[in-house]
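I opened the notebook to go through this chain step by step. The structure comes up first, then my entries.

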Amino acid sequence: MLNIVKSNSKGFTLLEVLVSITILSIVLITLLAFFTQAYSFTNINKDKTVALNIARSVVTYIEKQNFQYLQTFLEEQVTASNTENDEKGAFVRINGESCDNRININKNGQTYNFSLFQETSSCELVLTPTINGRTYNSDEYFVTVKLRPTPLLPSGDRDPLTDYLLHFDVEVNWGSSAPILIKGVVSNEIN
């Protein structure tokens, strides 16, 4: 009686356990790859949202600046040939280092020296912000305002809106991704 072996066992064989572990591992690795990819997209979108909000705040800040100061600064830079070029034409670069720029305003035959931005500390906070521990004034993360002279009309004449509008682009570079670009206009509300 001792040699009787039961052939009806109620357990899993070693092969069944190994196959189930292999299938479970494949499913878990696939899910892990999905969550890793989702995390990567979330970080990219977070950075893009931060860059977009920085660009919007810079546009708002520049639009509130003194039209005459910006126009004089632009004219001085164009006269001194301190312009750069991109695919849209000539522009004058304004960034965090420009917050201390001084300009000369001629009024009634006298020359006055003014700061381009009335509040240097506010300018630096807007143009070189620190958000989520990242300061936007390095080679990889930075804010640039491209103040553009109003182009001549196709006829070669000066655009009559030149006395009333200054066009600019705000570009926020945030790592290796494409920069965020927003356009704005500073208007002369005095004339």
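**Salt bridges around the sheet**

I started with K88, which is partly exposed at a relative accessible area of 38%. I remind myself that the model I am reading is a predicted one.

Which side chain does K88 meet in a salt bridge? I found D169, at 3.7 Å from N to O. The two sit in distant parts of the chain, 81 residues apart: D169 in strand β8 (residues 165–174), K88 in the loop between β1 and β2. I then looked up the cover on D169. Its relative accessibility is 5%, and the cut-off for buried is under 20%, so D169 counts as buried.

Next I took K146 and E171. Their side chains meet in a salt bridge at 3.3 Å, N to O. K146 lies in strand β7 and E171 in strand β8, so this pair ties together parts 25 residues apart in sequence. K146 is buried, with a relative accessible area of 9%. E171 also counts as buried, at 17% relative accessibility.

I asked which residues are linked in a network of salt bridges. The list reads D86, K88, K146, R148, D169 and E171.

How many salt bridges does the count come to? I get seven. One of them joins the side chains of R134 and D47, at 3.3 Å from N to O. R134 lies in strand β6 (residues 134–135) and D47 in helix α1, so the pair ties together parts that are 87 residues apart in sequence.

R134 is partly exposed, with a relative accessible area of 26%. D47 counts as buried, at 17% relative accessibility.

**Overall layout**

I stepped back to the whole chain. It has three helices and nine strands. Along the sequence the pattern is α-α-β-β-β-β-α-β-β-β-β-β. I also noted that 31% of the 191 residues count as buried.

**The five-stranded sheet**

In what order do the strands of the open sheet stand? I read β1-β2-β7-β8-β9, five strands with antiparallel pairing. The edges are β1 (84–86) and β9 (180–187). Each has a single partner strand, so one side of each is left without a neighbour in the sheet. Neighbouring strands here are turned by 40 degrees against each other on average, with direction ignored.

I then went through the pairings. β1 and β2 run antiparallel and are joined by three bridges. They form a hairpin, with two residues between them. I looked up the opposite positions: D86 faces G89 in β2, and E84 stands opposite F91 in β2.

On to the next pair. β2 and strand β7 (residues 141–148) are joined by three bridges and run antiparallel. R93 stands opposite K146 in β7.

**The disulfide**

I searched the whole structure for disulfides and found one. It is formed by C99 and C123, with their sulfur atoms 2.1 Å apart. Is it left-handed or right-handed? The torsion about the S-S bond is about -75 degrees, so the disulfide of C99 and C123 is left-handed.

Where do the two cysteines lie? C99 is in the loop between β2 (89–94) and β3 (102–107), and C123 is in helix α3 (residues 120–127). The pair therefore ties together parts that are 24 residues apart in sequence.

Buried or exposed, I asked of C99? It counts as buried, at 0% relative accessibility. C123 counts as buried too, at 0%.

I found a nonpolar patch of about 920 Å². L15, V19, I23, L24, V27, L28, L31, F34 and F35 make it up.

V19 lies in helix α1 (residues 14–63). Its relative accessible area is 42%, and V19 is therefore partly exposed.

Key:
Residues numbered from 1 in each chain as written. Predicted model: local features only at pLDDT ≥ 70, side-chain atom pairs only at ≥ 80, totals over all residues. Heavy atoms only, no water. Patch = residues over 30% accessible without salt bridge, like charges linked within 9 Å, V, L, I, M, F, W, Y side chains within 5 Å. Areas by Shrake-Rupley, 256 points an atom, 1.4 Å probe, with all protein chains shown as cover. Salt bridge = Lys/Arg side-chain N within 4 Å of Asp/Glu carboxyl O. Helix = DSSP H or I, 4+ residues; strand = E, 2+ residues; numbered from the N terminus. Buried < 20%, exposed > 50% of the residue type's maximum accessible area, 1.4 Å probe, protein only. Disulfide = S-S within 2.5 Å. Pairing = 2+ DSSP bridges. Axes fitted to C-alpha atoms, helices over the stretch in contact; angles between N-to-C directions.
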